[in-house]
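Student: Could you help me learn to read a protein structure? I'd like to go feature by feature.

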Amino acid sequence: MTGRLAAVAATIALLMFLAAPLAWTLVASLTPEEQLFDHPAALPRDPGFDHYRALFDERNFLVPVRNSLIVAGLTTALAVPIGALAAYAIARLRFRGKAALLAFVLAISMFPQISLVPPLYLLLRELGLIDTYPGLVLPYLTFAMPLTIWLMVAFFRQLPRELEEAAMMDGAGRLRVLLEIVLPIAWPGIAATAILVFLYSWNEFLFALSFTIGPERQTVPVAIALFRGRYQVPWGQVLAAAMVASVPVMLLVLLFQRRIVQGLTAGAVKQ
Amino acid sequence: MRATSHAREARAAWLFVLPAIGLIALVTLVPVLWTFWESLHLHDLRMPWLGRPFVGLDNYREALTDARLRGALVHSAGFTVSTVLIEVVLGLGLALAMDRAWRGRALLRAVVLLPWAIPTVVAALVWRFLFDARSGAIASLLGTTGIFADVAWLSHPWLAWVPIVMADVWRMTPFVALLLLAGLQQIDRTLYEAAQLDGAGSWQQFREITLPLLGPALAVTVLFRALDAFRVFDLVYVLTRGGPGTATEPASLYTFVALLQHLRFGYGSALASLVFALTFALSLAYIRLARASLIGEVR
Amino acid sequence: MASIALERIEKVFPGGHEALRHFSLEIPDGEFMVLVGPSGSGKSTALRIIAGLETPTAGRVLIGGVDVTAVPPQKRDLAMVFQSYALYPHKTVRENLAFGLRMRGAAAGTIEERVAEVSRALQVEALLDRRPAQLSGGQRQRVALGRAMVRSPRAFLFDEPLSNLDPALRGDTRAELSILHARLRATMVYVTHDQEEAMTLGTRIAVLDNGVLQQVAPPRELYERPANVFVARFVGSPPMNLLRGTGQIPAGISGLDPSTAVLGIRPHDLAIAATDEADVMVMVEVVETLGHQLHLRCRTESPDPAPIVVATAADRAVAAGDRLPLRMRRDRVHRFDPATGRRLESASGGNPG
């Protein structure tokens with residue numbers, strides 16, 4: 001019984017460790033700057049949205065938010081349809097070399113981003129795409145495409161093959177089967193994939209840091225990381241920006257928690 | 001005549017696959033080869049008048065004697081080993097807790113996902129704030145113990161690793177737990193019932209059933225995390241910028257500096273190729289593991 | 001409606017598994033052909049090759065006399081009922097039924113008419129606006145059947161369509177399928193692993209084992225003149241008893257040389273006789289009471305004791321441990337070659353049946 005109690009206590013401690021920093025950040029982002037350093041763990045005396053107001057009014061934080069939305073949105077819109085099509089072929093159609101193909105996709109997803117930076121930088125510079133949206137979307141496909149294929153292959157493989165065979169017997173061609181039978185049934189998987197691709201794109205930092213120059217095209221993570229005050233770190237605004245960067249993904253996670261977990265684990269651990 | 005049905009299917013398959021594979025090859029495979037090619041040249045963007053002469057393995061020779069690179073590799077490796085170890089132990093505990101059916105499990109799963117889902121940059125900032133010498137909650141908490149009073153955590157040559165590792169553990173433990181939880185849930189429940197009837201206690205059940213059957217999932221998780229940890233960049237960039245000096249600089253950050261701050265593209269590409277080669281060895285092991293379970297199924 | 005023919009089909013799956021070997025089968029127009037065999041015998045593969053869902057490694061598929069080996073399934077105009085029913089979960093029953101007609105470009109009026117007709121015949125009219133998830137197992141089965149019937153295809157293919165039904169419903173549905181066949185006079189190919197289902201449904205039955213066709217015959221012939229030991233044991237319940245060699249086969253069965261033959265006798269063709277008329281004495285080990293009859297699991301008291309099963313009327317009082325004298329019905333003794341397992345047609349021994 002004491003063992004069980006200890007286990008519960010340990011779990012709760014672990015949960016505190018996971019939840020407390022975010023809670024503390026939220027509180028701090030609502031605390032006036034001069035009180036931030038009074039007494040670290042105390043609740044603010046008069047909480048307010050001053051930092052958020054300053055963030056958008058003075059710092060133009062809407063620009064990076066807009067950039068991030070556009071880049072992550074475009075990446076998702078491009079990677080998911082193209083990747084899903086390939087994933088369907090790998091999961092369902094018979095052709096030589098598809099195991100090799102899947103291994104290739106997996107290998108690609110393991111490439112360290114940093115080793116892609118030099119050529120992509122030179123390429124984008126050559127094409128005049130440094131500091132543009134396509135200049136970010138293109139590099140983002142390096143992780144978005146393998147991720148999509150990997151997840152969608154796992155999803156497609158879970159669908160009962162007989163449905164597609166039944167449709168073929170009913171006279172539907174390959175494309176017809178894909179559009180009218182597979183897609184309507186696979187949409188939860190597609191949605192989960194899209195969410196994950198969006199999430200990864202929204203959070204990406206190294207490429208965004210490498211391939212943008214000024215604040216005009218910086219994404220949210222880069223903007224936050226390069227936040228400067230005149231003399232010292234403006235913590236209130238930084239933490240407010242951190243909350244702004246986190247709220248969309250937190251919402252996605254809370255709403256689609258089950259599907260995201262399915263997606264994450266479908267590829268990685270299935271035995 | 002007969003072959004046509006198969007051939008037709010194969011043709012359709014390649015038609016479906018080609019856009020994706022073409023795109024992937026274009027944005028990853030070609031660049032990686034290009035990186036290697038670039039690494040055989042002297043290419044300094046600060047000195048365009050030097051051109052881009054072929055220098056063979058000169059960049060690699062320089063890398064061999066580069067003490068900063070050696071330090072960076074040690075930092076990456078040390079970070080990888082320590083974070084993966086802590087995350088797997090804590091993650092396994094968390095997974096076992098989540099595997100039990102109890103109220104609020106769904107909520108727990110969502111809460112647990114949050115640190116993973118937010119941008120790494122944000123996670124790093126949160127921990128920088130917590131360890132900030134002036135305002136940090138943890139810094140002051142640790143300060144009250146007396147031992148760590150007035151420690152400037154983030155500018156201390158080796159204590160700076162504490163916030164870095166803690167931030168990563170905070171961010172990735174839930175992810176590890178979820179992967180392991182998926183592995184746990186594939187274990188046939190009746191095995192535990194059979195073991196109970198055979199007289200096994202909970203520790204024995206864990207030793208004799210859970211651990212051996214979780215083995216493959218555990219191995220995949222460890223390698224997966226190791227690959228990711230070895231590439232660490234965002235976290236360190238935001239928390240310490242590799243400082244003080246280069247005390248916490250990992251390999252990918254040094255590569256980034258060589259490339260985009262020193263603008264030495266030839267040398268930076270050599271570093272990038274080295275990082276790639278090291279990761280690639282690890283990923284081969286991972287693919288071998290994953291192959292049996294995942295790719296094998298496709299056939 | 002059309003005839004179907006498989007000509008010297010070979011099917012080797014990637015990985016080397018030989019699913020079908022030298023497989024040839026003629027299915028005339030209007031026949032109810034049942035493919036039966038244990039799991040892994042290749043019966044489903046044969047059906048899927050007819051459907052076009054698998055391509056044979058060698059050999060030809062003919063439908064209505066035309067080579068369709070290279071024709072994809074959607075152009076073969078066959079209908080198939082799957083084991084899992086494979087109803088489209090995102091479509092209503094009505095849409096499920098209409099799908100095949102719609103794919104073939106039927107006019108809206110025709111579709112409506114046909115769907116109404118079929119749903120009336122199968123008594124699923126009230127379910128037309130439901131989705132498959134809202135149906136019971138039996139209802140799903142009927143809709144799956146309806147989806148096949150709605151288009152009057154050239155042939156119907158069934159892949160173990162009853163195996164997901166509970167036993168009570170299975171019998172009824174089986175009868176309905178027979179009636180349906182009689183009414184439509186359609187070519188039907190039916191796969192099952194259940195020999196009883198095969199016997200009750202088929203006008204002819206093809207027995208497969210290990211990718212090889214063992215025998216094709218009407219049910220009665222299959223039962224009375226099994227072509228080999230495998231068919232003899234597979235068809236009929238409980239399975240036929242086999243006795244081998246002089247140590248097991250009683251002397252005095254006319255026309256049978258015990259040293260060169262395997263003797264087969266069905267449990268129903270063994271009678272408890274007077275001791276002096278007995279072919280063999282057995283010891284009863286287990287008595288299984290089925291209600292209308294008893295199955296006695298016995299062991300012979302021959303020099304080389306063999307297990308033997310006897311089916312007898314239930315009114316007999318028998319208990320485990322009893323010794324019984326058994327006599328074989330002479331005209332029901334089957335003989336097989338011990339080396340090849342093939343049936344031996346002997347001069348004496350009488351005509352079966």
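Student: Let's begin with a helix. Which strands of chain C does helix 4 lie across?

Tutor: Before we look, keep in mind that this is a predicted model. Helix 4 of chain C, residues 137–149, lies across strand 6 and strand 7 of chain C. Helix 4 runs at about 175° to strand 6.

Student: In what order do the strands of that open sheet in chain C come?

Tutor: The open sheet has 6 strands in the order 6-7-8-3-9-10, and the pairing is mixed. Strand 6 (78–81) and strand 10 (212–217) are the edge strands, each pairing on one side only. From one strand to the next, the twist averages 20°.

Student: How many bridges join strand 3 of chain C to strand 9, and how many pair strand 3 with strand 8?

Tutor: Strand 3 (residues 32–36) is joined to strand 9 (residues 204–209) by 4 bridges, and these two run parallel. With strand 8 (residues 188–192), strand 3 pairs in the parallel sense over 5 bridges. In strand 8, look for C:T192 opposite C:V36.

Student: What about the side chains, and which residues of strand 3 of chain C are buried on each side?

Tutor: Here's the general idea: in a regular strand, side chains alternate between the two faces of the sheet. Now the case here: C:F32, C:V34 and C:V36 are buried on one side of strand 3, and C:M33 and C:L35 are buried on the other. In total, 5 of the 5 residues of strand 3 are buried.

Student: Which residues does the cis peptide bond join in chain C?

Tutor: That bond joins C:S237 and C:P238, with omega about -5°. C:P238 is in the loop between helix 8 (229–234) and strand 11 (241–244) of chain C.

Student: Now chain A. How many helices and strands does chain A have?

Tutor: Chain A has 12 helices and 0 strands. Of its 271 residues, 53% count as buried.

Student: Where does helix 11 of chain A bend?

Tutor: Helix 11 bends by about 35° at A:S246, and the proline A:P248 follows within four residues. You can check the helix's span as well: at 1.5 Å a residue, its 21 residues should span 30 Å, and the end C-alpha atoms are 29 Å apart, so the two agree.

Student: Last one: how many residues of chain B are in contact with chain A?

Tutor: 88 residues of chain B are in contact with 87 residues of chain A. On the chain B side, helix 1 (residues 3–38) gives the most, with 20 residues. That side divides into 61 nonpolar, 18 polar and 9 charged residues.

How values were computed:
Residues numbered from 1 in each chain as written. Chains lettered and ligands numbered in written order. Predicted model: local features only at pLDDT ≥ 70, side-chain atom pairs only at ≥ 80, totals over all residues. Pairing = 2+ DSSP bridges. Axes fitted to C-alpha atoms, helices over the stretch in contact; angles between N-to-C directions. Contact = placed C-beta atoms within 7 Å. Buried ≥ 20, exposed ≤ 12 C-beta atoms within 10 Å, placed from the backbone. Expected span 1.5 Å × (residues − 1). Bend = angle between axes of the 7 residues up to and from the residue. Nonpolar A, V, L, I, M, F, W, Y, C, P; charged D, E, K, R; others polar.
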